[in-house]
Amino acid sequence: MALSANGRGNGASATVAQRLQKELMDIMTKPTPGITAFPDDENMTVWTATITGPDETPYENLVFKLSMEFAPNYPYSPPTVLYKTPIYHPNVDFSGRICLDVLKDKWSAIYNITTVLLSLQSLLGEPNNSSPLNGQAAELWDKDPVEYKRLVLARHKEPEDLDA
Amino acid sequence: MADPAAMPSDEEYAYLQKLSGEYQPEATGPLVGERQSSATITTQYATADPIYRVKTAALPAKYAYFRTCRGDGHCGWRAIAFTYFEALLRVGDVSKLEDEEARLNSLGNLLDHIGYSRDLWIDFAEEAFELLHKLARSLRHMDGQAADILLQTFNDMNASMAIITYVKLLASAWVQTHADDFVHFIDNGDVRGYCANNIEPTMCEADNIGVAALAEALIKPAGFGLEVWYLDRSPGEEINRSFHSEPTDHHHRPIPGAPMLRLLYRPGHYDILYKAGDVPQVQHQPALRQQPLHVALANYTDDFVPTATSVADVMNMIPGMYPTGVGLGQRWPSLSYDFSPSPASHTQVTPIQPYAPAPTPVTPVSTAHLDFVTPIHPNNASQYNPPSHHSIHLDQPPVTLPIHPPPPPPVSLERSAPMTVERGGPFRSSMYELEPGFGSSMQVQPFQTSIFRNSHFNTAHFRNPDFMPEQWLPDGEYSTGNKGRHKSHSS
């Protein structure tokens with residue numbers, strides 16, 4: 001126990017900062033269209049990200065804000081990701097929590113912020129309706145695309161309106 | 001429907017389900033423990049199911065030591081990675097470490113090819129290279145720290161996780177680039193999906209495919225072998241081998257004496273297993289150094305228990321006692337050094353060689369032979385010098401044995417007794433003695449030609465039970481002709 005506690009302490013968090021630093025460099029030098037991510041002013045382990053809804057989905061042209069929090073043992077544990085923008089989606093609950101396997105037990109240390117955001121973006125267009133957090137949305141997705149789209153737009157808020 | 005208060009609502013039920021799904025017993029203990037006697041395992045199972053008792057009771061005789069790995073869901077990967085580095089130390093050759101670094105570096109192409117971002121995996125790989133550098137530095141300075149460095153590195157959560165992640169990525173990349181070899185073991189045949197779900201995730205235990213992939217990607221190219229021994233409740237008297245990868249060279253020929261990595265698998269958990277011979281006896285057990293003769297005799301007395309019935313054999317094993325028809329020089333070809341009457345001078349002789357190559361033919365010797373009537377030519381007797389580190393000969397002037405013929409049989413019986421007791425003897429090993437197993441990899445004899453390799457003169461084959469010497473066959477010419485033709489067809 002003592003051994004691992006030491007390992008997790010100073011050494012580990014230094015690595016988190018290092019790794020996040022590296023990812024930030026990567027994101028700034030090679031930006032991916034449709035996603036942005038930037039760390040908090042004071043805290044390198046808390047980031048704010050945005051994703052743009054993919055074309056030809058109910059989320060087209062909508063921008064969603066997310067928060068990402070990195071544990072001291074990142075990348076050996078997934079970041080905690082929440083939707084800050086209210087979103088109507090089968091795999092997101094009303095407080096913004098996301099059900100996505102790569103953010104849970106299928107997390108791999110080879111993933112990074114960009115791959116997480118890209119997975120979330122593709123989840124918008126391809127929800128996993130077999131294990132929904134929002135049952136109504138899962139049902140409407142196939143049954144009534146028009147009503148679905150209406151509910152998506154009704155729930156959505158522009159990022160600028162959020163901070164107010 | 002039951003009372004709603006008693007029945008958890010769907011939401012509560014989902015919550016409880018989530019809790020139970022996420023529950024993990026708290027893993028304790030060091031990430032990788034110290035090597036310890038495997039009798040500990042026997043003790044752990046002393047009150048368990050009889051099958052476990054029988055199997056674990058038989059364990060220490062074959063596998064003298066084991067090392068625990070923390071059961072935190074990484075133990076299989078950790079055990080393989082650790083034993084891989086440990087086997088490199090067992091080889092004890094700096095250039096081997098350098099070769100491995102170069103090889104692992106070249107495996108980077110594999111990772112790139114699979115589509116992993118080099119920026120990401122290089123962090124994990126560098127932790128492994130860093131460890132190789134540290135071990136090489138320690139070996140170069142001969143400071144004896146290498147084993148401790150290895151253990152400390154693997155007990156550092158961060159370094160340990162990086163190395164584990166690295167070997168998992170190697171395994172995944174190997175499976176994906178050798179999909180044909182693995183696709184039949186994957187249910188839906190989706191190799192990429194399988195790797196993403198069963199090898200790459202941070203929390204996933206090594207399964208058979210992962211172990212097999214690492215055996216191919218990491219262990220076999222290093223010239224090592226891998227065995228997994230399975231301890232479960234299946235009927236049987238010993239643990240059984242559930243996975244085996246023979247150490248072979250790149251021509252798929254077995255490498256005799258190559259390090260073998262051994263894992264002990266109990267359902268859901270891996271530990272590391274060692275045979276007594278896998279373990280360098282020097283650094284951690286200074287007590288054993290005091291009695292090196294014990295080691296020297298161990299080869300010699302392997303299959304001999306000094307009971308009354310085997311006394312005749314014992315006498316037979318004492319060099320010079322029964323030169324049974326064969327010339328002495330032939331029987332003891334390696335004992336060419338001169339006898340010196342001063343026992344002190346013998347401490348200079350390293351007691352390694354003489355016994356191994358000279359097995360005594362066990363001729364049925366009745367007690368009647370104990371009267372020492374067998375004539376010994378004086379010149380033979382003076383030429384012959386008993387192996388001086390044999391305590392029985394140092395007890396009394398060795399020359400007297402052949403020269404004063406009939407010592408009464410009872411005396412010889414008494415004389416056989418100290419042989420078992422006085423193993424310590426006056427003989428101490430040199431401090432410059434190499435660790436057992438040192439350079440075992442070098443037995444591969446890099447300069448041998450393919451002709452010599454297949455020759456029956458090649459002593460390396462003594463350890464290979466399946467060895468077939470190359471023979472001339474009357475049909476040989478035809479078969480080579482066929483081969484040549486076949487080749488030209490296929491190319």
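B:Met142 is out in the open: it counts as exposed, with a relative accessible area of 72%. Keep in mind that you're looking at a predicted model. Besides exposed spots like B:Met142, there are 24 salt bridges to think about, counted over all chains. Let's start with the backbone, then move on to those charged pairs.

- B:Met142 sits in the loop between α6 (118-141) and α7 (146-155) of chain B.
- Its phi is near 50°, which is a positive value in a residue other than glycine.
- Over in chain A, A:Glu56 has a positive phi too, about 60°, and A:Glu56 isn't a glycine either.
- You'll find A:Glu56 in the loop between β2 (46-52) and β3 of chain A.
- A:Glu56 is exposed, with a relative accessible area of 76%.
- A:Tyr74 and A:Pro75 are joined by a cis peptide bond, with omega at about 5°.

- B:Arg67 and B:Glu86 make a salt bridge, and their closest N and O atoms are 2.7 Å apart.
- This pair connects distant parts of the chain: B:Arg67 belongs to strand β2 (residues 65-67) of chain B and B:Glu86 to helix α4 (residues 75-91) of chain B, 19 residues apart.
- Are B:Arg67 and B:Glu86 buried or exposed? Both of them are buried.

**B:Arg262 and its partners**

- One partner of B:Arg262 is B:Glu227; in this salt bridge the closest N and O atoms are 3.2 Å apart.
- Here, too, distant parts of the chain get linked: B:Glu227 is in strand β3 (residues 225-230) of chain B, while B:Arg262 is in strand β5 (residues 260-266) of chain B, 35 residues apart.
- B:Glu227 and B:Arg262 are both buried.
- B:Arg262 also forms a salt bridge with B:Asp278, where the closest N and O atoms are 2.7 Å apart.
- B:Arg262 lies in strand β5 of chain B and B:Asp278 in the loop between β6 (269-274) and α12 (286-289) of chain B, so this pair ties together parts that are 16 residues apart in sequence.
- Like B:Arg262, B:Asp278 is buried.

Technical notes. Residues are numbered from 1 along each chain as its sequence is written. Chains are lettered from A and ligands numbered from 1 in the order in which they are written. This is a predicted model: local features need pLDDT of at least 70, side-chain atom pairs count only at pLDDT 80 or more; totals for chains, interfaces and linings use all residues. Side-chain values use heavy atoms; hydrogens and water are left out. A salt bridge is a side-chain nitrogen of Lys or Arg within 4 Å of a carboxyl oxygen of Asp or Glu. Helices (H or I, at least four residues) and strands (E, at least two) are DSSP runs, numbered from the N terminus. Buried means under 20% relative accessible area, exposed over 50%, partly exposed in between (1.4 Å probe, protein chains only).
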